[in-house]
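Please read through the structure below with the sequence at hand. The explanation moves from strands to rings, then to cores and helices.

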Amino acid sequence: MAAHSISKSTLSRLPLYLEFLKTHAEDGPAYISAAAIAQALGLGEVQVRKDLASVSTAGRPKVGYQVTQLVGELENFLGYDNKSRVVVVGTGRLGRALLEYEGFQSYGLEIVAGFDLNPPENPPKPIYSMHELAAYCREHQVEIGVLAVPTAVAQQVCDQMVKCGIRAILNFAPVHLSAPAGILVHNENIAVSLAMLSEHLNQE
């Protein structure tokens with residue numbers, strides 16, 4: 001089943017299941033129920049069953065899912081067994097932190113390079129001029145990009161990334177981006193996320 005055939009909300013939860021199941025597989029039983037997964041992650045059991053049904057047919061009544069099999073199905077569906085190359089555009093503090101973080105490899109992602117108008121000296125990974133973005137993406141078949149630039153230039157950079165063949169963009173700029181049909185843009189607004197956590201604490 002192709003990833004585009006399920007909802008974005010379901011797709012966003014699948015890595016959560018995978019991370020939990022990998023931890024569970026280290027010292028847990030061989031089988032796990034949807035109810036146990038739901039309880040551990042604070043989700044609804046029906047939602048978990050629907051999500052897992054989009055990637056697996058291995059669930060059995062009163063038995064649950066064979067953990068290692070389900071892990072393999074999730075990894076295969078999400079493409080974790082095929083490394084996807086990622087570039088970071090904008091190499092300020094956030095961009096450099098993303099370049100230095102090695103944890104993405106566990107999810108089948110490899111951040112291979114950064115791009116900036118003024119590449120810094122001694123970067124943790126190669127950082128090139130923006131003029132080299134198109135050629136680099138073509139040569140290395142890069143289809144995923146992280147946008148970590150100031151708000152004022154975010155749309156312009158987004159347009160440039162699309163022209164370079166990037167089809168999925170993780171946007172850290174606090175602004176709505178317009179992209180052509182078929183281009184996935186996921187907005188990651190850290191300020192909004194922190195505000196939501198603060199509001200949750202205030203309501204308790």
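What follows is a walk through a predicted model.

Begin with the strands. Strand β3 (residues 84–89) and strand β6 (residues 144–147) run parallel and are joined by 4 bridges. In this pairing V86 stands opposite I144 of β6. On to the next pairing: β6 also pairs with strand β7 (residues 168–171), again in the parallel sense and over 4 bridges, with G145 opposite I169 of β7. Between β6 and β7 the chain passes through helix α7 (residues 151–163), and this β-α-β crossover is right-handed.

The aromatic rings come next. A search of the whole structure finds 4 aromatic pairs. F115 belongs to strand β4 (residues 109–116) and Y136 to helix α6 (residues 133–140), so the pair ties together parts that are 21 residues apart in sequence. Together with Y128, F115 and Y136 form one aromatic cluster.

F115 leads on to the nonpolar cores. In soluble globular proteins, nonpolar side chains tend to be buried together. The largest nonpolar core here has 24 residues, and those that touch the most other members are V87, V89, F115, L133, L147, M161 and I169. At least two residues of this core come from each of β3, β4, α6 and α7. Helix α7 provides the largest share, 5 residues. The surroundings of I169 can be listed: leaving out residues up to four places away in sequence, I169 touches G145, L147, C158, M161, V162, L184, V185 and H186. Apart from this core lies another, of 19 residues, which include A34, L52, V71 and F77.

A34 also belongs to helix α2 (residues 34–41), where A34, I37 and A38 are buried. These three cover an arc of only 100 degrees around the axis, so they lie on the same side of α2. What covers the buried residues of α2? Among the covering elements are α1 (8–27), β1 (31–32), α3 (45–53) and β2 (65–66). Just after α2, G42 adopts a positive phi of about 70 degrees.

The last stop is R13, which has its place in helix α1. Why does R13 count as buried? R13 has a relative accessible area of 15%, and it is therefore classed as buried, since the cut-off is under 20%. Its contacts, leaving aside neighbours within four places in sequence, are with L43, Q47 and D51.

Note on methods. Residues are numbered from 1 along each chain as its sequence is written. This is a predicted model: local features need pLDDT of at least 70, side-chain atom pairs count only at pLDDT 80 or more; totals for chains, interfaces and linings use all residues. Side-chain values use heavy atoms; hydrogens and water are left out. Two strands pair if DSSP finds at least two bridges between them. A crossover is right-handed if, with the strands pointing away from the viewer, the path from the first strand over the helix to the second runs clockwise. Rings of Phe, Tyr and Trp (its six-membered ring) pair if their centres lie within 6.5 Å; planes under 30 degrees apart count as stacked, over 60 as edge-to-face and the rest as tilted. A nonpolar core is a set of buried Ala, Val, Leu, Ile, Met, Phe, Trp, Tyr and Cys residues joined through side-chain atoms within 4.5 Å. Buried means under 20% relative accessible area, exposed over 50%, partly exposed in between (1.4 Å probe, protein chains only). Contact means heavy atoms within 4.5 Å. The arc is that of the directions from the helix axis to the C-beta atoms.
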